[in-house]
Amino acid sequence: CMGLLNVHLEEVAFSTIRTYNLQHATLQEFLSAEELKCLPEEKQVRFWSGNMDNPSVAMAFRFYCGLTGLKSKAVQKAVFSGPLPNEITFSDQSLLFLFHSLFESQNIPFTEQVVQRLQPTLDMAASFSSFDWMALSHCLSKCSHLQELFVSSIVSFNYLVKICQSNLFLVKLEIGCNDFSINDAKSFVQSVQSLEMLDLNVKATSLSAL
């Protein structure tokens, strides 16, 4: 831990008291999650119920999901029982945070239960990283009832194909991207050709032949 751990010395009477803190917040968040998962279940429920709107514990909750697999029915009910938003925007990314948490848990049966509560229209009007898309694809490919999907940015069509192939009732798909190639178009259309009623609208900054 050299360079990661800060040691603070305090002289009290004739002794020296050492206190420690981790220099990097992520390590502190991981250790917090590790400690929380060891608490009695009712204390875990009480803590997360009162802190899910606190952004300072968001990463700790993701670690907690990965460490526990979200197996506690009580925690599931306390944290995931509310209504789900039908959009992800720059100002409201609560649904994306939920997807991150479910992805970290790798609890497939519970993820399937949660995403079936999504509304049939989903507007993803934000900028997404590769990790975001991994989480989005993981979760949205576990539902089957999406009918309209609006995506403002995309890093790989493979993630989107996985979502489309699981949602056979999809009738409208709007994609925004910086560059859209003819090869991208051919590959994507071939991959989703089973969606006979799909209305595809692509808004690209540039169009290339490759």
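Student: Is cysteine 139 buried or exposed, and what makes it so?

Tutor: Cysteine 139 has a relative accessible area of 0%. Buried means under 20%, exposed over 50%, and partly exposed in between, using a 1.4 Å probe and protein chains only. So cysteine 139 is buried. Keep in mind that this is a predicted model: local features need pLDDT of at least 70, side-chain atom pairs count only at pLDDT 80 or more, and totals for chains, interfaces and linings use all residues. Residues are numbered from 1 along each chain as its sequence is written, and side-chain values use heavy atoms, leaving out hydrogens and water.

Student: Why is the contact of lysine 37 with glutamate 34 called a salt bridge?

Tutor: A salt bridge is a side-chain nitrogen of Lys or Arg within 4 Å of a carboxyl oxygen of Asp or Glu. Here the closest N and O atoms are 3.4 Å apart. Lysine 37 and glutamate 34 are 3 residues apart in helix H1 (residues 25-37), about one helical turn. Helices (H or I, at least four residues) and strands (E, at least two) are DSSP runs, numbered from the N terminus.

Student: What makes lysine 37 and glutamate 34 partly exposed?

Tutor: Lysine 37 has a relative accessibility of 29%. Glutamate 34 has 27%. Both values fall in the partly exposed range.

Student: Which parts does the pair of arginine 62 and glutamate 104 tie together?

Tutor: The side chains of arginine 62 and glutamate 104 meet in a salt bridge, 3.4 Å from N to O. Arginine 62 lies in helix H3 (residues 58-68) and glutamate 104 in helix H5 (residues 94-105), so the pair links parts that are 42 residues apart in sequence. Arginine 62 is buried at 15%, whereas glutamate 104 is partly exposed at 28%. The whole structure holds 2 salt bridges.

Student: How do you know that S4 and S5 pair?

Tutor: Two strands pair if DSSP finds at least two bridges between them. Strand S4 (residues 121-125) and strand S5 (residues 148-151) have 4, and they run parallel. Methionine 124 stands opposite valine 151, and threonine 121 opposite glutamate 148. Strand S3 (residues 87-89) meets the criterion with S4 as well, with 3 bridges in the parallel sense.

Student: What makes the unit of S4, H7 and S5 right-handed?

Tutor: The test is the crossover: with the strands pointing away from the viewer, the path from the first strand over the helix to the second runs clockwise. S4, helix H7 (residues 130-140) and S5 form a right-handed β-α-β unit.

Student: Which residues of S4 lie on its covered face?

Tutor: Leu122 and Met124 do. Thr121, Asp123 and Ala125 make up the uncovered face.
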